[in-house]
Amino acid sequence: MSNQAVDKVGHWQTVCDDWGDDKQAFKVHWGKFMMWIFLVSDTFIFSCFLVGYMKVRMTVTDPWPFPSEVFALTLFGNSIPLILIAIMTFILITSSGTMALAVRFSHFRDKKRIAQFMFITAAFGASFVGMQAFEWSKLIAEGVRPWVNPFGAPQFGSVFFMITGFHGLHVSIGVIYLITVAMKILKGHYDKTDYEIVEIAGLYWHFVDLVWVFIFAFFYLW
Amino acid sequence: MSEQVLDREALEAQHPIGIYLKVWILLFVLSAFSYMVDYFDFQGMIRWTLIIIFMLLKAGFIIAVFMHVMWERMALISAILGPPVVLLVLIGLMASEADYVFGTRVDHLGQPAAAERIHVSDVHVEGAAEH
């Protein structure tokens, strides 16, 4: 649009023209694109947490605790390092697998199977949150707080509670989300759609698993 | 009825279950590997290299297959994967700043540059007996 034309209609009119142009940039279901927008923004939130943690690790002069010892469990008389976290990792990966199968069955419009696999996924998610609650109460009982920590640098406590807490919140919301969607599918709420909602919910769930991959590597193994 | 069966077969071919199961097993194996890095107590460069490699492989498979990104159009792929690249700048800035902060803490506040790490077994913890 030439400058003269802009003068005539005003700059805000051009904004309205551009946004109201009925152009579609991304050829996917709008809900799926909105979920991706949300997930990209959530990526930045978790990245800020992890980069903040990196900076704490690099600047702290107090000794950092050994995570594999802090998160060890005594099973059958042997202390096994990091075992609970390993089990939690496997559970979350398994739940991602069952969710992928639910998405696959959404292409077949197989309502029973979709709901079945979404409920299984939600159950795995709930058990993950349960183990996290156990881990939190164990550390709290041992005296770890966001401001103090008997095993070394107090920053360990604040990073642990903030990052795992925020991730656990995501898992909990995901469990509620999956159960809600699965119930609505069974009730026939999405009968007239192509069940895009399953893939959208699946994206969220896989993202939660994805974030755990990074937390596991940087916080628990580092 | 027979049309429905044909539909089903066509769909099976279009969305094979195999790739999900394969990636699932692969993620299991990669997680087991990264746990082994800790279990067998690899230290130093080899530890960080292995952890980062396993982490990136796992993340890549989840994004590409489970989140279906490898089947999306390029416009959407670049909209998703492009923006997070700027995080590398943030990481770089914070890392160089962190070196400086650490230096000032050691040089000017007299804090120890290499503090001895504490083993959990050396710490007396109240209430630990309950667990």
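The contact between the two chains takes 50 residues from chain A and 55 residues from chain B. This is a predicted model. On the side of chain A that touches chain B, the elements giving two or more residues are α3, α4 (67–70), α5 (83–106), α6 (111–141) and α8 of chain A. By class, that side of chain A has 30 nonpolar, 12 polar and eight charged residues.

**Helix α3 of chain A**

- Helix α3 of chain A covers residues 30–59, a run of 30 residues.
- From first C-alpha to last, α3(A) reaches 44 Å, close to the 44 Å expected at 1.5 Å a residue.
- A:Met35, A:Trp36, A:Leu50 and A:Tyr53 are buried residues of α3(A).
- The cover over the buried residues of α3(A) comes from both chains: it includes α7 (155–186) and α8 (196–220) of chain A, together with α4 (74–81) of chain B.

- The partner helix in chain B is α5, residues 87–109, and its axis lies 8 Å from that of α3(A).
- The two helices pack at an angle of about 25°; angles under 35 degrees count as roughly parallel, and α3(A) and α5(B) are therefore roughly parallel to each other.
- The crossing of α3(A) past α5(B) is right-handed.
- On the α3(A) side, the contact is made by A:Ser47, A:Val51, A:Met54, A:Lys55, A:Met58 and A:Thr59.
- These meet residues of α5(B), including B:Leu87, B:Leu90, B:Ile91, B:Met94, B:Phe102 and B:Arg105.
- Sorted by class, the residues of the contact of α3(A) with α5(B) are 11 nonpolar, two polar and three charged.

**Packing within chain A: α7(A) with α8(A)**

- The axes of α7(A) and α8(A) come within 10 Å and cross at roughly 160°.
- Angles over 145 degrees count as roughly antiparallel, and α7(A) and α8(A) are therefore roughly antiparallel to each other.
- α7(A) passes α8(A) in a left-handed crossing.
- From α7(A), the contact draws on A:Ile163, A:Thr164, A:His167, A:His170, A:Val171, A:Gly174, A:Tyr177, A:Leu178 and A:Val181.
- From α8(A), the contributing residues include A:Ile197, A:Ala201, A:Tyr204, A:Trp205, A:Trp212 and A:Phe219.
- The contact of α7(A) with α8(A) has 14 nonpolar and four polar residues, and no charged ones.

Terms used:
Residues numbered from 1 in each chain as written. Chains lettered and ligands numbered in written order. Predicted model: local features only at pLDDT ≥ 70, side-chain atom pairs only at ≥ 80, totals over all residues. Helix = DSSP H or I, 4+ residues; strand = E, 2+ residues; numbered from the N terminus. Expected span 1.5 Å × (residues − 1). Buried ≥ 20, exposed ≤ 12 C-beta atoms within 10 Å, placed from the backbone. Contact = placed C-beta atoms within 7 Å. Nonpolar A, V, L, I, M, F, W, Y, C, P; charged D, E, K, R; others polar. Axes fitted to C-alpha atoms, helices over the stretch in contact; angles between N-to-C directions. Parallel < 35°, antiparallel > 145°, perpendicular 65-115°, else oblique. Left-handed = near helix turned anticlockwise from the far one by under 90°.
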